[in-house]
Amino acid sequence: QVQLVESGGGLVQAGGSLRLSCAASRLTFSAHYMGWFRQAPGTEREFVAGISGNGGTTRYADSVKGRFTISRDNAKNTVYLQMNSLKPEDTAVYYCAGGRWYPLGPQYDYWGQGTQVTVSS
């Protein structure tokens, strides 16, 4: 079965950086749109960033534009999220997701287990 495994989370001070990784297995990786989501305690899961199969198109939530960068390495079946200028409000569990692109947008079929990111003020 498909597995998505996130890593790279941790505790960082405000203004710092982290890079999250998500390694996929048993997935035709380059054929899948990949995304990052996050969920803070007491809130709903929200979209953070997405990237097309060939890496040519990216999307970001307004709250992270200019600070976060999503990228992928199809040879390594891995998607990344570089997070800079972190703020306390970025604290959440970050999830990797994979899916197919449809005319109305991606449909995510696969999810990782999440990695905790905590930003201290």
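User: Let's start with D90 and R38. Are they buried or exposed, and how do you know?

Analyst: Both D90 and R38 are buried in this predicted model.

User: What makes D90 and R38 a salt bridge?

Analyst: Their side chains meet at 2.9 Å, N to O. The limit is 4 Å between a side-chain nitrogen of Lys or Arg and a carboxyl oxygen of Asp or Glu, so D90 and R38 qualify as a salt bridge. D90 lies in the loop between β8 and β9 and R38 in strand β4, so the pair ties together parts that are 52 residues apart in sequence.

User: What else does R38 meet, and at what N to O distance?

Analyst: R38 also meets E46, with 2.6 Å from N to O. The limit here is again 4 Å, so R38 and E46 form a salt bridge.

User: Why is E46 called partly exposed?

Analyst: The relative accessible area of E46 is 36%. Buried means under 20% and exposed means over 50%, so E46 falls in between and is called partly exposed.

User: Which residues are linked in the network of salt bridges?

Analyst: The network links R38, E46, R67 and D90. In the whole structure, the search finds 4 salt bridges. One of them joins D62 and K65, whose closest N and O atoms are 3.2 Å apart. Here D62 and K65 are both exposed.

User: On to the rings. How many aromatic pairs are there?

Analyst: The count comes to 6 aromatic pairs. Take F37 and Y108: their ring centres are 5.0 Å apart and their planes stand at 90 degrees, so this pair is edge-to-face. The reasoning has two steps: the centres must lie within 6.5 Å, and planes over 60 degrees apart count as edge-to-face.

User: Why does the pair F37 and Y108 tie together parts that are apart in sequence?

Analyst: F37 belongs to strand β4 (residues 33–39) and Y108 to strand β10 (residues 105–111), so the pair ties together parts that are 71 residues apart in sequence. Both F37 and Y108 are buried. Ring pairs also link Y33, F37, F47, W101, Y108 and W111 into a cluster.

User: Which ring does R45 lie over, and what makes that a charge over a ring?

Analyst: R45 lies over the face of Y95, at 3.9 Å from the ring centre. The distance limit is 6 Å, and R45 is within it. R59 also lies over a ring face, that of F47, at 4.7 Å from the ring centre.

User: What makes β1 and β7 edge strands?

Analyst: The open sheet has 4 strands in the order β1-β3-β8-β7, with antiparallel pairing. β1 (3–7) and β7 (68–73) each pair on one side only, and they are the edge strands. From one strand to the next, the twist averages 15 degrees.

User: How do you know that β3 and β8 pair?

Analyst: Pairing needs at least two bridges, and 6 bridges join β3 (residues 18–25) to β8 (residues 78–83), so the two count as paired. These strands run antiparallel, and L20 stands opposite L81 in β8.

User: Which strands are joined to β11, and in which direction do they run?

Analyst: β2 (residues 10–13) runs parallel to β11, with 4 bridges. β9 (residues 92–102) runs antiparallel to β11, with 3 bridges. In β11, Q13 has S120 as its bridge partner, while Y94 has T115.

Notes: Residues are numbered from 1 along each chain as its sequence is written. This is a predicted model: local features need pLDDT of at least 70, side-chain atom pairs count only at pLDDT 80 or more; totals for chains, interfaces and linings use all residues. Side-chain values use heavy atoms; hydrogens and water are left out. Rings of Phe, Tyr and Trp (its six-membered ring) pair if their centres lie within 6.5 Å; planes under 30 degrees apart count as stacked, over 60 as edge-to-face and the rest as tilted. Buried means under 20% relative accessible area, exposed over 50%, partly exposed in between (1.4 Å probe, protein chains only). A charge sits over a ring if NZ of Lys or CZ of Arg is within 6 Å of the ring centre and within 35 degrees of the ring normal. Axes are lines fitted to C-alpha atoms, for helices over the stretch in contact, and angles run from 0 to 180 degrees between N-to-C directions.
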